[in-house]
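Work through the exercises below with the sequence and the 3D view open. Try each task before reading its solution.

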Amino acid sequence: MSISSKYSADQEKYIDARVLALPVTGQFYGSKSTMNAEEIMELNKQLHIDVVLDLGEAKSTMKADLDEIQATTGVPFAFVTQNKLNDIPQSYLTLGSLLGNETRGQELSTYVSNLLKEFDTGMAKVGDNKVSMIYVTGVDGNSVHLIGSGENSYHGEVINYLADNLAGPAVTSSGLGDEYTMEDILAMNPDYIIVAYTTDHAYYNEI
């Protein structure tokens with residue numbers, strides 16, 4: 001196992017020591033890809049890696065990208081799709097099969113299935129009485145990034161479940177979201193504003 005990046009001092013207190021000790025091999029996807037092919041090849045010499053697993057939202061170029069990194073490193077890569085929350089139960093079954101631990105995969109799949117059903121039941125009682133909310137991922141002067149609503153936002157699905165997301169339909173699928181202004185937020189006037197964490201709570205303080 002490895003991690004994509006080092007944890008900050010603020011994050012480390014929440015992370016198991018065994019995870020903190022894992023090697024850093026970089027992030028494969030995202031706006032700031034830092035995948036270190038050389039590090040993976042070096043680890044393969046030491047550990048004889050069976051497969052490198054990634055999971056999450058499937059990109060249109062997924063197969064070609066995985067084929068390229070697999071050819072570069074000589075290590076098999078596999079991707080487990082989680083485009084929606086409802087994909088998670090099946091993804092645990094797939095992981096269980098790939099890792100040779102079907103029993104644990106089934107346990108986790110059943111747990112998530114039951115959790116989603118419980119959540120759906122609770123939100124059905126809420127009905128149309130959802131609070132309004134926006135989720136701020138970044139602030140740069142008068143520029144504010146919000147996670148959008150609608151089908152195009154993988155990251156916005158949880159917000160759409162929980163509340164009336166006042167941000168417009170997502171233009172980008174990026175985890176950073178779409179750009180708005182402070183004036184836009186004042187006009188939205190949401191019941192709640194959730195702000196992503198940053199050092200010294202800078203985004204929160206600015207909002």
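**Exercise 1.** Is H145 buried or exposed?

*Solution.* The model is a predicted one. Step 1: locate the residue; H145 belongs to strand β4, which covers residues 143-146. Step 2: take its relative accessible area, which is 18%. Step 3: compare with the cut-off, since buried means under 20%. H145 is therefore buried, its value being 18%. Step 4: list what H145 touches, leaving out residues up to four places away in sequence: Y135, V136, T137, G138, L176, G177, D178 and E179.

**Exercise 2.** Which residues does E179 touch, not counting residues up to four places away in sequence?

*Solution.* Step 1: find E179 in strand β6, residues 178-181. Step 2: read off the contacts of E179, which are S143, V144 and H145. Step 3: check the accessibility. The relative accessible area of E179 is 56%, and exposed means over 50%, so E179 is exposed. E179 and V126 are 53 residues apart along the chain, and their C-alpha atoms are separated by 30 Å.

**Exercise 3.** Describe how helix α3 places its buried and exposed residues.

*Solution.* Step 1: α3 runs over residues 37-47, and its buried residues are A37, I40 and L43. Step 2: look down the helix axis. The buried residues of α3 fall within an arc of 120°, so they line one face of the helix. Step 3: turn to the other side of α3, where E38, K45 and Q46 are exposed. Step 4: ask what covers the buried residues of α3; the cover includes α4 (62-73) and β2 (77-81). Step 5: go just past the end of α3, where H48 has a positive phi of about 55°.

**Exercise 4.** Which are the buried residues of helix α5, and what do they pack against?

*Solution.* Step 1: α5 spans residues 88-98, with I88, P89, S91, L95 and G96 buried. Step 2: the buried residues of α5 lie within an arc of 160° when seen down the axis, so they line one face of the helix. Step 3: these buried residues pack against β1 (52-56), β2 and α6. Step 4: just after α5 comes G100, with a positive phi of about 70°.

**Exercise 5.** How many aromatic pairs does the structure hold?

*Solution.* Step 1: the structure holds one aromatic pair. Step 2: F119 and Y161 form the pair, with 5.5 Å from centre to centre and 80° between the planes. Step 3: planes over 60 degrees apart count as edge-to-face, so the pair of F119 and Y161, at 80°, is edge-to-face. F119 is in helix α6 (residues 102-126) and Y161 in helix α7 (residues 157-162), so that the pair links distant parts of the chain, 42 residues apart. F119 is partly exposed at 30% relative accessibility, and Y161 is partly exposed at 22%.

**Exercise 6.** Describe the chain as a whole.

*Solution.* Step 1: count the elements; the protein chain has nine helices and seven strands. Step 2: take the burial, where buried residues make up 29% of the 207 residues. Step 3: consider the contacts with a separation of 6 or more, of which 55% join residues 24 or more positions apart. Step 4: consider the charges. The chain has 12 positive and 29 negative charges, and their mean positions are 7 Å apart.

Key. Residues numbered from 1 in each chain as written. Predicted model: local features only at pLDDT ≥ 70, side-chain atom pairs only at ≥ 80, totals over all residues. Heavy atoms only, no water. Helix = DSSP H or I, 4+ residues; strand = E, 2+ residues; numbered from the N terminus. Buried < 20%, exposed > 50% of the residue type's maximum accessible area, 1.4 Å probe, protein only. Contact = heavy atoms within 4.5 Å. Lys, Arg positive; Asp, Glu negative; His and termini not counted. Charge placed at Lys NZ, Arg CZ, Asp CG, Glu CD. Arc of directions from axis to C-beta. Phe/Tyr/Trp six-rings, centres within 6.5 Å; stacked < 30°, edge-to-face > 60°.
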